[in-house]
Amino acid sequence: MAVRTRYEAAADAEAQVDSRLVAVGTWLFLGAEIFFFAAWWFAFFYLRALNNNQAWKAQGVGPPSKGYGAVVLALAALTAVTYFLASRQSPRAFLFRLLTPIALVFGIATSLFQGYEMWHLGFGLTEGGYPSVFSGMTGSWVVQFALATAWLGSIVTQAGPSGDTIARRRPAGSFAWILVFLAAVGIINYILLYLVG
Amino acid sequence: MVVSERRLSIPNNPITGIVLAIPAYFFGVWLGTLFGNTDDQNTGVILGYLFATVAFLAGVGFLNYPLERLFGWRVTPITDPAENRGIGRYFRLSLDHKVIGLQYLVTILLMLLLGGIGAMLIRTSLLVPDASITPPGNYIPLIGLHSVMMIFITSAVIVGPFGNYLVPLMIGARRMAFPRLEALSFWVVPPAAVILAAATFWGGFPTGWTGYPPLSEQALQGMDSYIVGFALIAVALVTSAVNMLATIIGLRAPGMTWTRLPIFVWGIFTTSILGLLAAPVLAAALIMLAMDRSLNTSFFLASNGGSNYLWENLFWFFGHPEVYIFILPAFGIIMEIVPHFARKPLWGYRTGVVGLFGVALLSWFVWQHHLFVSGIAPVLRPFYMLSTELISIPTGIIFLVTLGTLWRARVWFTVPMLFCLGFLFNFLIGGISGVYLSDVPTDVTLHGSYFSMAHFHYTIMGGEIFALMAAAYYWLPKMTGKMLSPTIGRVHFWTMFIAFNSTFFPLFIVGLLNMPRRVSSYDPALVGLNRWVTVSAYVLFGSMVLFAGNLIYSWFFVSRPALANPWHARSLEWQVPTPVPARNFERVPVIVAGPYDYGIPNSRPVADLGGMVGVTGGG
């Protein structure tokens, strides 16, 4: 029977506490995120309803390609789903090592595709309320998605035998909820900006 | 993939941060000039501030952890507080909550001095009614800088020093939940202060702290300081809130049930909820304003599909909970200190907690009372009037809890207790005038006058700053190991109390006599009252100098080492030795009784500390 030293037991207990704290912290952070994006959704409905000076959308301004937006959204959803599935596995498992780099590739693709769309909107930012809300809402989302992707990258690079991902399994699991949340925000943004707006 | 043993090896300290920030600022300005509008420098200034802030934080050491992670290097472990000794720890990135608390304290006091000098300049301008001392073009930016600086300070003045230092001690924790976030919440403060002060070089911001468009869209580059400075405040609020809430939820010692939690910790808890949820809304609004100014979008430009009301709604959705971010920890301080000096249990502990949550909850439903004079739909006015009036109920509960604790008590009139009593007097006036102002007819009449200015100074300065002083005299012996002089403390209290009321009470009168705020000239008939107020304000400033003198005198000249528990208090933070050990407790304590069981026969000591000295019984 393996005997654990007091030091190992204390380190285990500390790791458990740490994991719980990260889980709590993640949910708190998501609470803040909801209010952040709610401000953008409020701006969308408010300006659209007011339509001041009939300038919500100037003549000829419409959403960018719905198909392209759907591709970006699909990539974001794939990032979240792939990493979520990976995070349910042990970081030592083959599936985790397979899926996290795939999720990372999806994440990078999401950020690049969204960035490309923002450079080629087909309307100017000065052409009314809709272009303002589109650029602000999408820009805020993609910046956060890119930062989350960078963190995902660090999970991949720390997946070695003595890396942080192995040492602290649950924080890597909590992070999955941030990607799921951002993907869900992407869906709401898509509905508002491409379908309702 | 093998984790490398490499490390980032730049020396991490504020000097490195400043050295990196200066070229980063100019790089940002250059980049903004390259890609931004040709007719202004807003993009460059905003990018310059952002790059400089990130570079400063990198120099201090905040990018080490994420970069080491990303490069696949072995991540630097959280520094053991026991290894982090010496005076130098106060001047660099530390992950010890006690060091961060003291870093906050000194920084905030220095900023309070700057904000106070701004107030003195404002009052000096008002010695004459014709704006001959300070022309309007300088007066409005002065008001703006004073107000934003003070809002910034009062957001952090209790949670920053006292929350960070005391919460782990009070709940029996040996550290904070997220020390890096905690440190980040502090280290964004110096760049934010510098950026706000830098507005002066760009002509200041003419909008006051509310930043209303279209003025904020038309203003010079000083407004960009407002945007970035305020955004950094939002970052500080959110990071601090996540850390505090996670610590209180996840690191309470065994036996520290929710009903044994010290009421000050409840105050920090409710404040953190507000900060966590309100600050992101401000951040979003500031991004919109920055986009309008630098990318020519039109969020707030009515002629192009935007609306200035969008700003007003978003700003006040943050702004009104923000004023409770100021006052909830102050309520916590008062309810925490009074039982210790009344030597009685806190009367209606659970009711007091409900009161704190009641204020926090209702604060989300009142923001439109700031728009009564901005033309909101008349049908909405009664709801917001009533919701604002309703807040007086949980606030009244908190008052009753405190007064019930004092009822028939043998009060020990120490300096902290005097400040608590001063708080009760001042906040009563501030609170009642608030109920009065929430009525639509009164608000419409007095909104732009000195009456509302007197009201919020009674709540913030008469309330929060008096609570701050109570906290300083009460807890600084634990935090610094030195007792403050009680004699100077009493002189400080009486000078501050009299001068404060002498300064701000006459402003109710000049407000009723229609003196408008934010205007440097006024009716010459009001010159007598204004001069009285200005002289009183000088004395008030002098009382703060007295406080600073007490700190210097007690720390450097007549050193009176503080006992571990000079107030014979029961709560946990007083049961550890002074100075507080690096890891707070020898081992995680087991809490066996509440912190306010004074005068209860055979009451048990508050905790089993495993041999630490100083555990106080029911006495």
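## Contact between the chains

Two residues are in contact if their C-beta atoms, placed from the backbone, lie within 7 Å. The contact takes in 40 residues of chain B and 40 residues of chain A. On the chain B side, the elements that give two or more residues are helix 3 (64–70), helix 10 (222–250), helix 11 (263–294) and helix 12 (308–342). Helix 11 of chain B gives the largest share, 10 residues. Helices (H or I, at least four residues) and strands (E, at least two) are DSSP runs, numbered from the N terminus.

By class, the side of chain B that touches chain A has 29 nonpolar residues, 10 polar and one charged. Here Ala, Val, Leu, Ile, Met, Phe, Trp, Tyr, Cys and Pro count as nonpolar; Asp, Glu, Lys and Arg count as charged; the others, Gly among them, count as polar.

## Basis of the model

This is a predicted model: local features need pLDDT of at least 70, side-chain atom pairs count only at pLDDT 80 or more, and totals for chains, interfaces and linings use all residues. Residues are numbered from 1 along each chain as its sequence is written, while chains are lettered from A and ligands numbered from 1 in the order in which they are written.

## Chain A

Chain A has six helices and zero strands. Along the sequence the pattern is α-α-α-α-α-α. The C-alpha trace of chain A spans about 75 × 30 × 20 Å along its principal axes.

Chain A has 197 residues, and 41% of them count as buried. A residue is buried if 20 or more other C-beta atoms lie within 10 Å of its own, exposed if 12 or fewer, and partly exposed in between; the C-beta atoms are placed from the backbone. Among contacts in chain A with a separation of 6 or more, 80% join residues 24 or more positions apart.

## Two domains in chain B

Chain B is assigned domain 1 (1–77) and domain 2 (87–557). These bounds come from an automatic or database domain assignment. The domain centres, taken over C-alpha atoms, are 31 Å apart.

Across the boundary, 19 residues of domain 1 of chain B are in contact with 17 residues of domain 2 of chain B. Helix 2 (residues 42–60) of chain B supplies the largest share of the domain 1 side, 10 residues. That side has 10 nonpolar, nine polar and no charged residues.

Helix 1 (residues 14–35) of chain B has 22 residues. From first C-alpha to last, helix 1 reaches 31 Å, close to the 32 Å expected at 1.5 Å a residue. The expected span is 1.5 Å times one less than the number of residues. Buried residues of helix 1 include B:Leu20, B:Ala24, B:Tyr25 and B:Val29. The buried residues of helix 1 pack against helix 2 of chain B.

Helix 2 of chain B has 19 residues and reaches 27 Å, close to the 27 Å expected. Of its 19 residues, 17 are buried, so helix 2 of chain B is largely enclosed by the rest of the structure. B:Gly61 follows helix 2, with a positive phi near 125°.

## Helices 16 and 19 of chain B

Helix 16 (residues 415–438) and helix 19 (residues 486–512) of chain B pack at about 10°, with axes 10 Å apart. They are therefore roughly parallel to each other. Angles under 35 degrees count as roughly parallel, over 145 as roughly antiparallel, 65 to 115 as roughly perpendicular and the rest as oblique. Axes are lines fitted to C-alpha atoms, for helices over the stretch in contact, and angles run from 0 to 180 degrees between N-to-C directions.

Residues of helix 16 at this contact include B:Leu418, B:Phe419 and B:Asn426. Those of helix 19 include B:Arg490, B:Phe493 and B:Phe497. The contact divides into eight nonpolar, four polar and one charged.

## Backbone exceptions in chain B

Most residues other than glycine have a negative phi, and most peptide bonds are trans. The B:Pro213 to B:Pro214 bond is cis, with omega near 5°. B:Pro214 lies in the loop between helix 8 and helix 9 of chain B. Another cis bond joins B:Thr578 and B:Pro579, with omega about -5°.

B:Arg343 has a positive phi near 50°. With 18 C-beta neighbours inside 10 Å, B:Arg343 counts as partly exposed. B:Arg408 has a positive phi of about 55°. B:Arg408 has 7 C-beta neighbours inside 10 Å and counts as exposed.
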